[in-house]
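Q: I have a structure open here and would like to go through it with you. Can we start with one spot and work outwards?

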Amino acid sequence: MSALRKGWCPGALRPMMARDGLLVRLRLTGGRLTSEVARALAALSDYYGNGLFDLSARANLQLRGVDQADLPSLLAALDDLDLIDADPDGEAVRNVMASPLAGLGARRDIAPIVTALEAMLAQDAALHALPNKFGFLVDDGGAPTLAGVSADVRFDVMPEAPDRVWIGLGGTRDHAVSLGFCAPDQVVEAAAHIAHTFLSLAAGHEPPIRRMKMLIERLGAYQTARAFGVEGEMARPEYSGAIFNRPPVGFFSSDDVDVLGLAVPFGRFDHRMLRCVADLADTHGRGALRLTPWRCFLVPGIAGSVDLGALRTQTFIVDPEDPALRIAACVGMAGCERGTTSTHADAAHLVEAATRIGGAAISIHVSGCEKGCAKASRTAFTLVGHDGVYDLVAGGKAGDVPTRRDLDLAAIEAALAAKVLA
Ligand code: SF4
């Protein structure tokens, strides 16, 4: 068994010790899960963990509260479900996000690309030196799109020219540095080239360059493109199709596939909720679930035949306008040793307060500390916990310089009201 690490980006073979026990993170290829496996994971969480899960902003599933003595048995059970990698180093670099509804209906199935990309990352030992948060993304061009999700290396299939894949570095589709286009069967080769080049460009810098964005900040966009072998000005993709901007929650249809999106507040759910989604998929859908970076499950094949009220009472979010979708919160002191505030309870309080004072549309990030695990991007209102209170960062990220310090909930509410009235 590999050594446990604290404060590390965890996996299953290299879990992280948190305040509530071991945190075991599963990187599910393409975010795909059968109802059968979902039910098995619910049982394992109930038996070996504390019954709680997180759905991360990278669409990974985290089992919480596992006792160290139970870890070998849990890993053996996960191995039986084919969810365990060959080794922890290969697991750690297998960070590939994919469009959640790819392959359904008439949509292109990008699973072979994703699987081959993951295999390349796991097998190329030189790439195991990649920083552990360094991530890849493959978007199939359909909705809901990953256009607004940032990645170190992104491959966006052109919706109207599916034999062309745009390569972007260090950002969302609108902000990544363009490296031009490749064919779908060149994605893995391009990814390997980019990853090796990144490692050589990032080597020897102090402070270390851990993300593509940091490299771009250091070199500038123009020189970055050149450093990766691009000559001349690289075209950016042009999109004519509608972009799915709302969270994919509630009933919707995409490329003739009916889907039910079920979000979980702050990405947290328990084993009963996972069983409930698995049963829904079996009873009304196709026996399959997809995980998303928006902290919601997608259940394909369901068309309005489900009682949303009953799901609401189980704390699923089923309304795309629900203000809770605008608030991100990490586990805070309930599960993390760096936390000193009850982030989930405080976030729930702020959802209610924001709605009451007419600020339900404001995006809020409640972070247990300056690390900002729940959200890496800027937010209108970021609260950063320390010593049982919060600092406020306006329009920035958790690690940015606060605009106000040492606020309790009453002071935060007042600041929120002032922002709404401004
Ligand atoms: S942001 Fe939250 S989860 Fe991350 S280290 Fe800080 S307290 Fe822990």
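Q: Where is Ala334 in the chain?
A: Ala334 sits in the loop between strand 16 and helix 10 (343-356). Keep in mind that this is a predicted model.

Q: Ala334, buried or exposed?
A: Ala334 is exposed, with a relative accessible area of 58%.

Q: Which residues is Ala334 in contact with, leaving aside neighbours within four places in sequence?
A: Arg19 and Asp20.

Q: And how many residues apart in sequence are Ala334 and Asp20?
A: They are 314 residues apart in sequence, while the C-alpha to C-alpha separation in space is 7.1 Å.

Q: What about contacts in the chain as a whole, what share join residues at least 24 apart?
A: 58%, counted among contacts between residues at least 6 apart in sequence.

Q: OK, overall build. How many helices and strands?
A: The protein chain has 11 helices and 20 strands. Its radius of gyration is 21 Å, close to the 22 Å that the globule rule gives for 422 residues, so the chain is as compact as a globular protein of that length.

Q: What box do the C-alpha atoms fill?
A: Roughly 55 × 50 × 50 Å, taken along the principal axes.

Q: What percentage of the residues count as buried?
A: Of the 422 residues, 53% are buried. The accessible surface comes to about 17,800 Å², and 52% of that belongs to carbon and sulfur atoms.

Q: And charges, how many positive and negative?
A: There are 41 positive and 50 negative charges, and their mean positions are 5 Å apart.

Q: Switching to helix 2. Which of its residues are buried?
A: Helix 2 covers residues 71-80, and Leu71, Leu74, Leu75, Ala77 and Leu78 are buried there. They span an arc of only 160° around the axis, which puts them on the same side of helix 2.

Q: What do those buried residues pack against?
A: The buried residues of helix 2 pack against strand 2 (21-26), helix 1 (35-48) and strand 5 (61-66).

Q: What follows helix 2?
A: Asp82, which has a positive phi near 65°.

Q: Which loop holds Asp255?
A: Asp255 lies in the loop between strand 11 (250-254) and strand 12 (257-263). Its phi is positive, about 50°, although Asp255 is not a glycine. Asp255 is partly exposed, at 40% relative accessible area.

Q: And Thr315, where does that lie?
A: Thr315 is in the loop between helix 9 (308-313) and strand 16 (327-329). The phi of Thr315 is positive too, about 70°, and again the residue is not a glycine. With a relative accessibility of 44%, Thr315 counts as partly exposed.

Q: Peptide bonds next. What joins Ala143 and Pro144?
A: A cis peptide bond, with omega about -5°. Pro144 is found in the loop between strand 7 (136-139) and strand 8 (151-158).

Q: What about Glu206 and Pro207?
A: Those are joined by a cis peptide bond as well, with omega about 0°. Pro207 is in the loop between helix 5 (187-202) and helix 6 (212-219).

Notes
Residues numbered from 1 in each chain as written. Predicted model: local features only at pLDDT ≥ 70, side-chain atom pairs only at ≥ 80, totals over all residues. Heavy atoms only, no water. Helix = DSSP H or I, 4+ residues; strand = E, 2+ residues; numbered from the N terminus. Rg over C-alpha atoms; globule rule 2.2 N^0.38 Å. Buried < 20%, exposed > 50% of the residue type's maximum accessible area, 1.4 Å probe, protein only. Contact = heavy atoms within 4.5 Å. Areas by Shrake-Rupley, 256 points an atom, 1.4 Å probe, with all protein chains shown as cover. Lys, Arg positive; Asp, Glu negative; His and termini not counted. Charge placed at Lys NZ, Arg CZ, Asp CG, Glu CD. Arc of directions from axis to C-beta.
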